[in-house]
Structures are given as C-alpha cells and as structure tokens.
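Subject: Handover of a structural model

Dear colleague,

Please find below the sequence and structure that I am passing on to you. My notes on the model come directly after it.

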Amino acid sequence: MTIQRKGSILYARAYLKIGVIMTLAYAAAGLAVAISSARLLDSFLAAFVIFALMMGMLVAAWVVYLIVLWVFAREARQSVEIGPEGIREVHAGREKKFIPWEGVNEIEIAATLIAGASIRVKGRFSEIAISNVDLTITRPMTVSEMHVAMGQTKAIRELLKQIKAATPNAAVKTNHLAQRRKASEAWIGSDVS
C-alpha cells in the first residue's frame, strides 16, 4: 500500500479561487478608501500611501500563500509505503526512513480539529506519520468536498487496524481529543485500547 502525501497541496490549491476573489475585493476596497481619503484629506500623497499600505498587506498575504504552496509541493513528493516487512517513508523516490514491524514500539493516534486525525508509527530512532488528509484527499475537489472527506474516518480506521495487526505488541497511545472522540465512538471507535 502506498500513500502519497499530496492531500495538503490539493487542499491549499483549492483556496486559490477564493484567494483571487478576496484579492480583487480587497484591492477594490483599498482603491475606494484611497479615493475617499484623497477627497477628504485633499492630498494625493496620503491616498497613495494608504493604497500602498493596503496593497502591501495583500502582497504579504500572497507571499505567505506561495510559501505554503511551496512547502506542500515539497511534501507532495513524499509517500509512505506499507508492506509486509515494515513501513517506509520515501522522498522523491529515495528511502528516507524505514521502520520494520518488529521495531515499532508505539502507535500514536492524534485527533485534530483541522485535519481529522493522524497516525504516528514510532520506532526506536525514528517515526513516520500518516495524516487523514492524505488518505481522504487524493484528487482535486471543492473546499466543501474536502471538509466532508476529512471528517470521514473509515480510511484511517482501516489503516490503524492494518498497522495494529502487523505490530500486535506495540503500545497504542492517543491524545486528549482522540480519547474524547473514542469515548463517544465518533472517531476510531471502541477497537482502540
């Protein structure tokens, strides 16, 4: 089984249209404020400074968005391979980490508000994390479709069962949110100890 880590880049790209619409709306509002301040202050320089400040904030927001896209694009070149001998993290075709099943000490289940959940397989010297985002967002979707997909836990539950079956002696730990969700059986369910 190979899990490509491209869910985050697909999620970030889904916001591109919203970002462009917000940029145009913010630029129009900035222009309106600049024009009204030029009339009120009777100074073209003041209007230009106000407009430049507002556009500077827009440029800064786009720079941050592009940096996020760059980071997620680098992450999208990674994948996690789960095989009969263990779990392997591969970056651009090269093995980055490998944990044999007999070397797995702990499986950590972390529920999150944004990404849904993640599983972290820990060995003695390394760990490999798998996010629900990468399991459920595998193709371009609308933002609302992605939010619905991230709320679904069937894929991560199945992955957890597969990892637990391969490592029956590994300790299973959960974070506080996962414990609350487990109590209500809304996330992993009662099969996690």
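Predicted model: local features only at pLDDT ≥ 70, side-chain atom pairs only at ≥ 80, totals over all residues.

Residues are numbered from 1 along each chain as its sequence is written, and side-chain values use heavy atoms, with hydrogens and water left out.

Overall composition. The chain has 7 helices and 8 strands, taken as DSSP runs (H or I of at least four residues for helices, E of at least two for strands) and numbered from the N terminus. Of its 193 residues, 36% are buried, that is, under 20% relative accessible area with a 1.4 Å probe, protein chains only. Among contacts (heavy atoms within 4.5 Å) with a separation of 6 or more, 61% join residues 24 or more positions apart.

Helix pairs. Two packed helices are described by the angle between their axes and the distance between the axes. Axes here are lines fitted to C-alpha atoms over the stretch in contact, and angles run from 0 to 180 degrees between N-to-C directions. Helix α2 (residues 16-41) and helix α3 (residues 44-75) have axes that come within 7 Å and cross at roughly 165°. α2 is therefore roughly antiparallel to α3, the term for angles over 145 degrees. The crossing of α2 past α3 is right-handed, meaning that the near helix is turned clockwise from the far one by less than a right angle, with anticlockwise giving left-handed. The contact of α2 with α3 has 20 nonpolar, 4 polar and no charged residues; here Ala, Val, Leu, Ile, Met, Phe, Trp, Tyr, Cys and Pro count as nonpolar, Asp, Glu, Lys and Arg as charged, and the others, Gly among them, as polar.

Helix α1 (residues 7-14) packs on helix α5 (residues 143-151) at about 145°, with the axes 9 Å apart, and α1 passes α5 in a left-handed crossing. L10, Y11 and A14 of α1 meet V143, M146, H147 and M150 of α5. By class, this contact of α1 with α5 has 6 nonpolar, 1 polar and no charged residues. The buried residues of α1 are G7, S8, I9, L10 and A12, and they pack against α2, α3, α4 (132-136) and α5.

Nonpolar cores. A core is a set of buried Ala, Val, Leu, Ile, Met, Phe, Trp, Tyr and Cys residues joined through side-chain atoms within 4.5 Å. In the largest one, of 21 residues, I82, I87, I107, I119, I130 and L159 touch the most other members. Two or more residues each come from β2 (78-82), β5 (106-112), β6 (116-122), β7 (127-131) and α6 (154-166), and α6 gives the most, with 4 residues. Beyond its neighbours within four places in sequence, L159 is in contact with M1, I3, I82, I119, I130 and L135. A second, separate core of 7 residues includes L10, M141, M146 and A149.

Single residues. S118 lies in strand β6 and is buried, with a relative accessible area of 14%. Leaving aside neighbours within four places in sequence, S118 is in contact with E108, I109, A110, I130, S131, N132 and I156. S118 and N132 are 14 residues apart in sequence and 5.6 Å apart in space, C-alpha to C-alpha. A92, in the loop between β3 (86-91) and β4 (94-100), has a positive phi of about 50° although it is not a glycine.

Yours sincerely

Terms used. Parallel < 35°, antiparallel > 145°, perpendicular 65-115°, else oblique. Buried < 20%, exposed > 50% of the residue type's maximum accessible area, 1.4 Å probe, protein only.
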